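Below are some notes for a first reading of the model. Please keep the structure open while going through them.

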Amino acid sequence: MTALTRPVRRLFGRAAAAPAGLDDATAAAPSVAIEQPGIAVEIPESDPLFAYLQAAPGPVDVTRLELASAALQQLRDAGVALVVPLVTQGELIGTLNLGPRLSEQEYSTDDRRLLATLAAQAAPAIRVAQLVREQAAEAAERERYEQELKVAQLIQQQFLPRELPKLAEWQVAAYYGPARVVGGDFYDFIDLGDGRIGVVVGDVTDKGVPAALVMARTHSILRAEAPRLVEPGKVLARANELLVPEMPARMFVTCLYGVLEPASGRFVFANAGHNLPYLRTDHGVRELRATGLPLGLLPDVTYEETEGEVGHGDAMLLYSDGLVEAHDPQREMYGFPRLREAMAADDADSDLLDRLLDGLHAFTGGGWEQEDDITLVSLRRAAGVAVAGWTGDRPEVALTHDATPATAGEPLLVFSIEGAIGNEREAMTRVAAAVAPLGLEGPRLERLKTAVAETVMNAIEYGSQGRADVPVDVRVDADDQAIRVQVTDRALSGPVPDAEAPDLAAKLDGRQKPRGWGLFLIRHMVDAMDVSTADGLQTVTLTLARDGR
Amino acid sequence: MTTTVDVAPAGSATILRIHGDITGASEAPLMDAYAAIPASVRSVVLDFGDLEYMNSGGIGLLVTLLVRAQRAGQRLLAIGLSEHYREILALTRLDEAIGIHDDEGAALAAASA
C-alpha cells in the first residue's frame, strides 16, 4: 500500500503517475491488465475531469466520456480505458488507471462493482498513509534544521578564543552567549608579538552554516593579516578585499578591530560597520567613533583609524547587537541609553560584564528566549596615578571629552499625530523646532526635515492607511554626537517592502511609476535609516550625525 | 499647505509660477496650469521662487510633467530652487532632464537659444 501512496498523491501534486498503483490494481482485480507498467498522466485541479472524477459514483469509462479535458485526452492516448476515482471525505486523492481488459471484452457490471468497492476501501487507507508520510517528512525536515544549527554552533564556537590574554595592570573579560538560532557573533584576541594585542569583535549577518563558515573565514583572515599589517585600517581593508569576491549574496560582516598597547593604554582601532565602543572615564561614558562599511559589501573600501588612550581606572567595552537589541516582555528594547547607564555605574569593585548581564536579565525578566548572540569584551585598566585622557585624532572627540555627557534616555520631543495624509508637514515642523537649539547647519537641517516628512508620510500612507484614528508616534533624541528621530506606525499594511531603486529613465518611458522616490530620498538625507518591527508596530529610526558632511 | 500656479507667457516660453507646496495633492493645480499653455510654446519654465515645501509626491508629479512635456516636444526648465531642492533634483537626476537656472533671465535666454 505504501508503494501506492506516493505516485497517487503526486498525481495531483505536480507531474504525476500511478505506475505502482497499476501493479497493485492488477493484483487486486485479476481480470484487468495493461501492457505498460505505468502511465503518467497529470490531472490538474483546474481540469474539468478533476471535478468530474471527484463527483463520480464509481469507475469512469474514459473511452466514452465526453468532456473538454486535456487530461482526458492524455489518458486515452496512454491507452487507459477505465479510471477508478479514489475519493475519501469528498476529496479526490488519486485514481486507478486501467487499460482495456485482456479478453478484449468490455468491463462488466461485476468488474465495476468490484473496482468501486476496492476504491472505497483503499482510498481512506491511502489517505492515512499519505498523512503519515507527510508527517515523517516534516519531522525529518525539523531534525535536519536542528542538526544544521548544531553544526553551525560547533563551527562558530571552534573559533572563539580558548583563553583570555593576561596583561599586567589590565583586567580583560569576554562573554559570548549564543542564541538558540545562531547569530554569527565572534570575538578574538590576537598576539601581535611585540607586546601589543589585537582585539576583534564582529557579527556576520544571517544565520546557520553559511554564516558560520563566513565567520570562520573572517577569523582566519584577521589572524593571518593582523600580525603582518598591524594597522587596523589596513587590516580591515585587506580583510574586505579578500572577503568581497567570496561573500554569499545578502551576507556581510560587521567588525571592529583595534590594537591595544597595554603599557601605555594606547588603543588604535578601525571599524567596519560594527557598534562603536564605549569608554568609561572619570568624566563619564563616551562612544569612540570610527566609521566604515561592513566587510564584504563593496571592493576598495578604506577604513579610518581612531587613536586614543585608555587611562588608569578607565574601562572600554566592545559589544554586539544582541545586548542592545534585546527586548523585555513588553517588547521594549534594551537600547544604547541603558547600556550607557550601566557602563557609567561601573566601578573597580565589580565585574563589568557581570553587572551588564545582571542588568540585562533584570530587564528581560525570566523566561526570556535570547533573540540574538550576545558578545561582550571589556578591557579595564587598573587605577593608577596617571591622568586619564582620550586624545582622538578627530577634534570633536577631544572636544566632547570635557563636556557633560548627554543625559541618556530623555527625549527632546515625543508626540503623536493622526494618520491623515498631509500631517507629515506638522511633524516636520515640530521636529525642526525641537532640534533648533542644537544649532544644526542649515543644509543639514533641511535634509533632516525632508527625511522626517518622507518617513512620516510613509507611516501615514502605509502604517495608518491614511486613517486619522490610527496614530503615528514621533520621538526625537539627541546626544552629543547624533540626532535620532524615531517614527513608529501601526503597520496596517504590513512591513513596507524596500522600494525599487528609482530610475529616472525608466520612469520617463513609463517602465516605473512616476512616484516611489520616498525611501530613496530618506536614505540620502540622513546618515542611517533603520527599520524594526515588533508587535504590530514598525519603527523607522533616522540618525543624523551632528557634525560631518 | 495649498498650491497655486500662475501662468505667465514670456514670448516663446511660458513661466509657471508656483506658490506654496508641491506634493502629491498638487496634481490638479499644476496639471491644469500646464494644460492652459498653448501647444506652440516650446519651453516651460517652472518658477520655484515661492515654493514652501516639496516632497517625494511632488517629485513624482514633476516626473509626470516631464513625460508630458517631452511628448509635446517642449523643454522643461526650473528657476528659484533653494540649495536643498537643487540637491534633491540632483539626487533624483531630474536636473539632467530639467534645465536648472539661477534666474528668469538665464532661463529665458536658454529657452530661446
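Which residue takes a positive phi just after H10(A)? A:Gly365 does, with a phi of about 80 degrees.

1. Basis. This is a predicted model, in which local features need pLDDT of at least 70 and side-chain atom pairs count only at pLDDT 80 or more, while totals for chains, interfaces and linings use all residues. Residues are numbered from 1 along each chain as its sequence is written, and chains are lettered from A and ligands numbered from 1 in the order in which they are written. Helices (H or I, at least four residues) and strands (E, at least two) are DSSP runs, numbered from the N terminus.

2. Helix H10 of chain A. This helix covers residues 352-364, which makes 13 residues. From first C-alpha to last it reaches 18 Å, close to the 18 Å expected at 1.5 Å a residue (the expected span is 1.5 Å times one less than the number of residues). A:Leu352, A:Leu356 and A:Leu360 are buried. Here a residue is buried if 20 or more other C-beta atoms lie within 10 Å of its own, exposed if 12 or fewer, and partly exposed in between, with C-beta atoms placed from the backbone. The buried residues of H10(A) fall within an arc of 65 degrees seen down the axis, so they line one face of the helix; the arc is that of the directions from the helix axis to the C-beta atoms. An α-helix has 3.6 residues a turn, so residues three or four places apart point the same way.

3. The face turned away from the buried side carries the exposed residues A:Asp354, A:His361 and A:Ala362. Among the elements that cover the buried residues are strand E4 (170-177), helix H9 (335-344) and strand E13 (374-381) of chain A.

4. The sheet. Chain A has an open sheet of five strands in the order E5-E6-E7-E8-E11, with antiparallel pairing. Two strands pair if DSSP finds at least two bridges between them. The edge strands, E5 (185-191) and E11 (305-309) of chain A, each pair on one side only. The twist averages 15 degrees from one strand to the next; axes are lines fitted to C-alpha atoms, for helices over the stretch in contact, and angles run from 0 to 180 degrees between N-to-C directions. E5(A) and E6(A) (197-204) are joined by seven bridges, and A:Phe189 has A:Val199 as its bridge partner in E6(A). Helix H6 (208-229) of chain A packs on the sheet and touches E5, E6 and E7 (253-261) of chain A. Two residues are in contact if their C-beta atoms, placed from the backbone, lie within 7 Å.

5. Two residues to check. Most residues other than glycine have a negative phi. A:Asp300, in the loop between E10 (284-287) and E11 of chain A, has a positive phi of about 55 degrees although it is not a glycine. A:Asp300 is exposed because 8 other C-beta atoms lie within 10 Å. B:Arg93, also not a glycine, has a positive phi of about 65 degrees. B:Arg93 counts as partly exposed because it has 13 C-beta neighbours inside 10 Å.

6. The contact between chains. Chain B gives 20 residues and chain A gives 17 residues. On the side of chain B that touches chain A, H2(B) gives the most, with nine residues.
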